[in-house]
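Thanks, everyone. Please put the structure up on the screen, and I will walk you through it.

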Amino acid sequence: MEPEPLTTTAEQALRRLELTVTRRLDGLLHGAHQGLLPGTGSEAGDSRVYVPGEDDVRRMDWAVTARTTIPHVRDLIADRELETWALADLSPSMDFGTADTDKRDLVVAAVGAIGFLSSRMGDRFGALVLHDEFVHRMPARTGRPALYGLLHSLMDAPRGSVVDDPPDLAEGIDVLSATRRRRGMRLIVSDFLDAQPDLDPDAELPWERPIRRLAARHQVLAVEVIDPRELELPDVGRVAFADPETGNVREVHLSPKIRHAYAEAAALQREGTRLALRRAGIAHLVLRTDRDWVFDVAQFVLRQRRMSHLAHRRPTP
């Protein structure tokens with residue numbers, strides 16, 4: 001009898017990820033197919049009194065409103081079989097990490113968390129990957145083996161290389177919008193860094209219109225991946241910086257003035273991302289390489305549940 005082959009490091013990492021998701025996150029997500037974003041579905045549910053400023057007037061139940069002379073809206077029941085698609089950014093800027101993990105590892109963790117939770121509810125899960133000069137498509141399938149194969153592909157993808165015309169985030173979102181027209185959940189995992197960032201927080205970012213069009217049809221969750229060195233620089237004197245997107249290298253003396261200017265510019269860039277996602281009506285989750293990502297996801301889930309409960313509670317007379 002031949003001995004069983006040893007489990008690979010990647011396989012062990014994926015099993016630990018699945019165990020983490022099912023033990024620490026799945027308990028928060030029990031319910032009628034609500035997932036990370038408790039939202040609407042497509043089947044008509046019960047009618048209730050309309051709450052001004054909180055309910056969508058497009059869901060007004062005119063028959064009940066006419067019968068009772070009091071404005072009512074009709075809730076929607078979440079679909080039982082959904083199709084979830086993720087856009088995973090594996091551009092060279094994601095091959096960076098100075099804390100407990102790399103940004104790329106957080107991309108796999110975020111996609112895996114949504115994927116494992118979706119597969120436990122029977123949803124199909126697919127992914128698009130921004131890598132080098134292509135937007136790679138991994139078709140949506142059901143089942144644990146298919147999800148393991150998808151995550152293996154993300155983990156085994158080589159480090160990003162410098163290419164002449166790589167697809168940007170806006171192009172990836174456009175491809176995501178055109179992939180499947182059926183309503184469902186869309187996950188975007190990226191650092192949302194532009195090659196030429198606009199430090200005006202109120203300026204429209206290149207990916208803002210595509211993501212707004214995507215949110216008009218689907219339920220969208222944006223996961224922003226951050227490393228602490230992208231927010232502030234240490235006091236270490238002269239450092240050689242290499243741009244992973246272009247390959248350019250430049251030596252800089254990290255004086256207090258330069259470090260302060262860098263921190264201000266980074267804060268403005270992150271604020272611009274936050275405001276752009278807010279204008280588009282996108283749920284925004286921030287994961288950092290120096291924090292427990294499971295804890296941050298859990299806190300995000302609790303906030304979303306609390307906001308959903310407040311938005312749908314019946315007004316007191």
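R288 and D290 meet through their side chains in a salt bridge, at 2.9 Å from N to O. By salt bridge I mean a side-chain nitrogen of Lys or Arg within 4 Å of a carboxyl oxygen of Asp or Glu. R288 is partly exposed, at 24% relative accessible area. D290 is partly exposed too, at 32%. The cut-offs: buried is under 20% relative accessible area, exposed is over 50%, and partly exposed is in between, with a 1.4 Å probe and protein chains only.

A word on the source. This is a predicted model, where local features need pLDDT of at least 70 and side-chain atom pairs count only at pLDDT 80 or more, while totals for chains, interfaces and linings use all residues. Residues are numbered from 1 along each chain as its sequence is written, and side-chain values use heavy atoms, leaving out hydrogens and water.

Salt bridges that share partners link K103, D191, E224, E230 and R270 into one network. Take E230 and K103, whose side chains meet at 2.5 Å, N to O. E230 sits in the loop between β7 (219-226) and β8 (238-242), and K103 in helix α3 (residues 103-120), so this pair ties together parts 127 residues apart in sequence. Helices here are DSSP runs of H or I with at least four residues, strands are runs of E with at least two, and both are numbered from the N terminus. Is K103 buried or exposed? K103 is buried, with a relative accessible area of 0%. E230 counts as buried as well, at 12%.

Next pair: R124 and E83, a salt bridge at 2.8 Å, N to O. R124 lies in strand β4 (residues 124-131) and E83 in strand β3 (residues 83-89), so the bridge ties together parts 41 residues apart in sequence. E83 is buried at 4%, whereas R124 is partly exposed at 24%. How many salt bridges does a search of the whole structure find? The count is 16.

Now the wider view. The protein has eight helices and ten strands. Of its 317 residues, 44% count as buried.

On to the inside. Nonpolar side chains tend to be buried together in soluble globular proteins. A nonpolar core, for us, is a set of buried Ala, Val, Leu, Ile, Met, Phe, Trp, Tyr and Cys residues joined through side-chain atoms within 4.5 Å. The largest one has 41 residues, and V111, L151, L154, L221, V223 and W293 have the most contacts inside it. Helix α3 gives the largest share of this core, ten residues. Contact means heavy atoms within 4.5 Å. Leaving aside residues up to four places away in sequence, L154 touches A88, L90, R104, V108, V111, V129 and M138. Another core lies apart, with 20 residues, including W85, V220, A222 and I282.

Helix α4 covers residues 144-156. Its buried residues are L147, Y148, L150, L151, H152 and L154.

Last stop: aromatic pairs. Rings of Phe, Tyr and Trp (its six-membered ring) pair if their centres lie within 6.5 Å; planes under 30 degrees apart are stacked, over 60 edge-to-face, the rest tilted. There are two such pairs. F116 and Y148 form an edge-to-face one, 5.9 Å centre to centre with 70° between the planes. F116 belongs to α3 and Y148 to α4, so the pair ties together parts 32 residues apart in sequence. F116 is buried at 2%, and Y148 is buried at 6%.

Note on methods
The expected span of a helix is 1.5 Å times one less than its number of residues.
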